Amino acid sequence: MFDLSLDKLREYRPEVAAPADLVDFWRRSIEKARTDDLSATFTLIDNKLAVIDTYDVTYAGFDGSPVKGWLHVPTGATGPLPTVVQYHGYSGGRGFPHATNLWAQAGYAHFVTDTRGQGWTAGGSGTPDDSPYAGLNHTPGFLTAGITDPETYYYRRVFIDAVRALDAARTSPLVDPGKLIVAGVSQGGGIAIAAAGLAPIAGIELLGCAPDVPFLCHFERALQLTDHGRYNEITQYLKGFRHHADAALRTLGYFDGVNLGRLATAPALFSVALMDATCPPSTVFAAFNHYGSADKQIEVYPYNEHEGGQTYQQDAQLDWFANITK
């Protein structure tokens, strides 16, 4: 245990400065993305599985760039089904179709999306980050690419891709557009919070948000508290580019899960691990305590690190998803 006590965590509501134009920035970003044809395609493939049907998905993300995904459904399903849209942890991607389809096994449509530029631990195909901003000065990794300006920051592209994934999912006849749940672990949890916050701006109603040990929350606290894991990319960048600190912290305000989560209206099921030095508990509780919906709960795993609850959390999610999709 290295962070605050659980009693203090439950009351932890730090002041996290939100840019005055936060909503306008994201509304403009979403509107710009929607000027590109969504071009969503769903092609049935042979996934080598007996009880799951899989569709190879391509849709236009940020700046019209193609993003890949899988749509899994129970074999023979004709829809429309309640749908879990899953975003991936850092380095993950859609991978092989047999790798990630739990929610389809439970009877849902399960839309698994790539995170642009990532996917090297998942295998299979991937989605490149083909933005001209991808090559700006940054430390190895993704957290500092374009960090001096919210217009060029890597996660602007990722979060818009996440919203466009919701747009794409809703075009499939297998998907019930009124029963969408966003979910993810670590980075995927941070993206899920962002998607939940941006969905009302985009005119999309979500049924739920399930961020598991989420990353990308309360950046300033994380940078001060831990040098473990990916937040260290930012401290290493600022260690060298000392004169970029103010601009970088300003940019991060547009992408912080605390600020974007405040905009969310969907019910939420969070999880946190109290020995997690990668995504410190106080950063998760900051996002949870500020999350916009009063209909929220958090599962606490006192003796776990960043692996979190794993199958225990999935079990809790199975119960929660079944309840909110009744």
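**Charges over rings**

Select K296 and F288: the charged end of K296 sits over the F288 ring, 5.2 Å from its centre. Here "over a ring" means that NZ of Lys or CZ of Arg is within 6 Å of the ring centre and within 35 degrees of the ring normal. Next, select R94 and W70. R94 lies over the face of W70, at 3.6 Å from the ring centre.

Before going on, note that this is a predicted model, where local features need pLDDT of at least 70 and side-chain atom pairs count only at pLDDT 80 or more, while totals for chains, interfaces and linings use all residues. Residues are numbered from 1 along each chain as its sequence is written, and side-chain values use heavy atoms, with hydrogens and water left out.

**Aromatic pairs**

Rings of Phe, Tyr and Trp (its six-membered ring) pair if their centres lie within 6.5 Å; planes under 30 degrees apart are stacked, over 60 edge-to-face, the rest tilted. The count comes to 24 aromatic pairs. Select F25 and Y254, a tilted pair with 4.9 Å centre to centre and 55° between the planes. F25 is in helix α2 (residues 22-33), and Y254 is in the loop between α8 (245-253) and α9 (257-261), 229 residues apart. Helices (H or I, at least four residues) and strands (E, at least two) are DSSP runs, numbered from the N terminus. Both F25 and Y254 are buried, that is, under 20% relative accessible area with a 1.4 Å probe, protein chains only.

Now select F270 with F288. Their ring centres are 5.2 Å apart and the planes stand at 75°, so this pair is edge-to-face. F270 lies in strand β8 (residues 268-273) and F288 in helix α10 (residues 281-290), so the pair ties together parts 18 residues apart in sequence. F270 and F288 are both buried.

**The largest cavity**

A cavity is a set of points on a 1 Å grid over the protein atoms alone where a 1.4 Å probe fits but cannot get out; lining residues have an atom within 4 Å of a point. A volume is the space filled by probe spheres set on the points, which are joined across faces, edges and corners. The structure holds one cavity of 30 Å³ or more. About 50 Å³ of space lies in the largest cavity. Select its lining, including Y59, D114, R116 and D161. Helix α4 (residues 154-169) gives the largest share of that lining, four residues.

Methods:
Buried < 20%, exposed > 50% of the residue type's maximum accessible area, 1.4 Å probe, protein only. 1 Å grid on protein atoms, 1.4 Å probe; cavity = no way out; pocket = protein on both sides within 12 Å on 5 of 7 lines; lining within 4 Å.
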